[in-house]
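Please look over the sequence and the model first, and then read the notes below.

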Amino acid sequence: MAQGPVLSEPLFKEMRDYFFLETGITLNKNKKYLVEYRLQKFIGPDKEFSSYYDFFQALQQDQSGKLKTLFINSLTTNYTFFFREPVHFRFLAYYLKTYGKQQNYIRLWSAACSSGEEAYSMAITCLEEGFKGPERDIRILASDISQKVLSRAQSGVYHYSGFRGELDDAYLRRYFTFHPQEKSFTVKDQVKSLITFREFNLMDPFPFTKQFDVIFLRNVLIYFSAPEKEQILRKIWEVLKEPGYLVLGLSESLVGVHHGFTTLNNSIYRKDRN
Ligand SMILES: C[S@@+](CC[C@H](N)C(=O)[O-])C[C@H]1O[C@@H](n2cnc3c(N)ncnc32)[C@H](O)[C@@H]1O
């Protein structure tokens, strides 16, 4: 059987180092197959690059940043869905009910928002709790390192096959417009208008002027090793209100990682008053 281009171990190591420098993410040593598989679409006799080596050379010489974007987009994992881990949205609703009205402003952050389902679920939760943009100073920042997923998030268009049971039918009717021909749903402006989308690498300095009430940092820390996790958590600490809340993925924990947060249930962490 004909064998396609192969990614050598030394080149894989160079790619891992490059990826780490650009994103802070440590690609596991056993992920060579995944890298090979994800880059396959660009490499081969009838493709843009004839070998992984050519691809990597071009990537390093590319001044436009296009290949870097393509590389990062290809290697990040963007799995997400609406109201993933519903307990976190119940927590957000509880926060808004209990503390929301006492706040001069509310800032929420979906810090690795992928294709936007998490940020839209946050916005729907705000609207359900009666927090509407023009009446209250409430904003949601939705950011991700991958420009590809961000543009999907910004479009607010989702194919019906991507919806799972977590999204209530009543919410679908209230907050989405259905397009029968395309079998897709578009998020209504009322929801979209609460959100600002921005390309942002968690390894970069945080440039925010206002502090956040609740930050969803779900299912992304798993890609970082302990020192990078601690670095990100220190920055998160700085930009949270007191009290302010950090929400990780349900299967994630900060065991073995230094941090100053108080641990609550369900991978929720609180920054207490000093
Ligand atoms: C598995 S998705 C999580 C989506 C959503 N938070 C959830 O839990 O459903 C992980 C996201 O983290 C993003 N990501 C990875 N490294 C990042 C970094 N250094 N800065 C910002 N986002 C990053 C990826 O592009 C991807 O969209």
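The model is predicted, so local features need pLDDT of at least 70 and side-chain atom pairs count only at pLDDT 80 or more, while totals for chains, interfaces and linings use all residues. Residues are numbered from 1 along each chain as its sequence is written, and side-chain values use heavy atoms, with hydrogens and water left out.

**Salt bridges**

- The side chains of Glu118 and Arg218 form a salt bridge at 2.7 Å, N to O, the term standing for a side-chain nitrogen of Lys or Arg within 4 Å of a carboxyl oxygen of Asp or Glu.
- By this rule the count is twelve salt bridges.
- Lys241 and Asp213 also meet through their side chains in a salt bridge, at 2.8 Å, N to O, and Lys241 is buried, as is Asp213.
- Another salt bridge joins the side chains of Lys271 and Glu242 at 3.9 Å, N to O; Lys271 counts as buried at 5% relative accessibility, whereas Glu242, at 33%, counts as partly exposed.

**The chain as a whole**

- Of the 274 residues of the chain, 49% count as buried.
- The C-alpha atoms fill a box of roughly 65 × 50 × 30 Å, taken along the principal axes.

How values were computed
Buried means under 20% relative accessible area, exposed over 50%, partly exposed in between (1.4 Å probe, protein chains only).
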